[in-house]
Amino acid sequence: TERKQYLNDIIAKIKNSPDLSDPEAFRQQIMGLEGAFGAAYWEIVGHLFRNGVEFSGRVRHGANDLVNAALNYGYGVLCGKCLNAIIRAGLNPMASFLHSYQQGKTTLVYDLIEEFRPFAVDRGIFTLLNRGEKLELGEDGLLTTDTRKKVAKSVIGRLSSEVWFKGRCLTLQEVIQEQAHNIKKHLCKKTPYRPFFGRW
């Protein structure tokens, strides 16, 4: 209950963030709140696992534990789908809004993927682990070939699942493509951009 209230307070702060005249200050404020929410989210996630699955926290780079390695691989699959959608929409994948410019990095992908991580990747991997699916790390510390196939199949399956979005039934992959086009509409026509909210 305490954690739920903490998360609700962060959501309220994000919704009520002032429209600062300095875009960089506004971005830093929003990313700071996002970071606080993410830390609380992963703390809660640690209590969801069964079957003796160990998870001590989120590790993005150089992860050598099963949960983080599976999440990172799943996000890699999702990144590829988001990049494809951005390019098909005619956008520059290196020109982003929330994530700051990083030379040679497709930071617009980092922006778009945030809407879809929990629904497309997290939920599927948590399910695989909790139902006792055999996921393993090899002697090299990387996911085994069979495990990578299972993670990729889970993500692709989630992307093929149908969701309701703006009054229509679409696959999640179609929603990603539409959201890329909506970014373009926002830039060209000043149309308000509304994020995708997936039901857990």
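This is a predicted model: local features need pLDDT of at least 70, side-chain atom pairs count only at pLDDT 80 or more; totals for chains, interfaces and linings use all residues.
Let's start with Thr 106, which sits in the loop between helix 3 and helix 4 (107–113). Helices here are DSSP runs of H or I with at least four residues, strands are runs of E with at least two, and both are numbered from the N terminus. Thr 106 is partly exposed, with a relative accessible area of 23%. On this scale, buried means under 20% relative accessible area, exposed means over 50%, and partly exposed is in between, using a 1.4 Å probe and protein chains only. Leaving aside neighbours within four places in sequence, Thr 106 is in contact with Leu 83, Pro 93 and Met 94, where contact means heavy atoms within 4.5 Å.

Residues are numbered from 1 along each chain as its sequence is written, and side-chain values use heavy atoms, with hydrogens and water left out.

Now for the helix packing. Two packed helices are described by the angle between their axes and the distance between the axes. The axes are lines fitted to C-alpha atoms, for helices over the stretch in contact, and the angles run from 0 to 180 degrees between N-to-C directions. Take helix 3 (residues 66–88) and helix 7 (residues 172–189): their axes are 8 Å apart and the packing angle is about 45°. Helix 3 and helix 7 are therefore oblique to each other; angles under 35 degrees count as roughly parallel, over 145 as roughly antiparallel, 65 to 115 as roughly perpendicular, and the rest as oblique.

Which residues of helix 3 and helix 7 make the contact? From helix 3 come Leu 78, Lys 81, Cys 82, Asn 84, Ala 85, Ile 86 and Arg 88, and from helix 7 come Gln 173, Ile 176, Gln 177, Ala 180 and His 181. The residues of this contact of helix 3 with helix 7 split into six nonpolar, four polar and two charged. In that bookkeeping, Ala, Val, Leu, Ile, Met, Phe, Trp, Tyr, Cys and Pro count as nonpolar, Asp, Glu, Lys and Arg as charged, and the others, Gly among them, as polar.

Helix 2 (residues 23–45) and helix 5 (residues 117–130) give another pair, with axes that come within 13 Å and cross at roughly 25°. Helix 2 and helix 5 are therefore roughly parallel to each other, and helix 2 passes helix 5 in a right-handed crossing. Here Tyr 41, Trp 42 and Val 45 in helix 2 meet Pro 118, Asp 122 and Phe 126 in helix 5. The residues of the contact of helix 2 with helix 5 comprise five nonpolar, no polar and one charged.

Over in helix 6 (residues 145–160) you'll find Val 155. Val 155 is buried, with a relative accessible area of 0%. Apart from neighbours within four places in sequence, Val 155 is in contact with Gly 74, Val 77, Leu 78, Ala 120 and Val 121.

Next, the strands. Strand 1 (residues 162–165) and strand 2 (residues 168–171) run antiparallel and are joined by four bridges; two strands pair if DSSP finds at least two bridges between them. Val 163 has Leu 170 as its bridge partner in strand 2, while Trp 164 is bridged to Cys 169 there. In a regular strand the side chains alternate between the two faces of the sheet. Strand 1 has Val 163 and Phe 165 on a covered face, and Glu 162 and Trp 164 on an uncovered one.

The two strands form a hairpin with two residues between them, and Lys 166 in the turn has a positive phi of about 55°. Thr 171 lies in strand 2 and is buried, with a relative accessible area of 18%. Not counting residues up to four places away in sequence, Thr 171 touches Leu 159, Ser 160, Ser 161 and Glu 162.

Finally, Lys 190 lies in the segment after helix 7. Lys 190 has a positive phi of about 60° although it is not a glycine, and at 68% relative accessibility it counts as exposed.

Notes. A crossing is left-handed if the near helix is turned anticlockwise from the far one by less than a right angle, and right-handed if clockwise.
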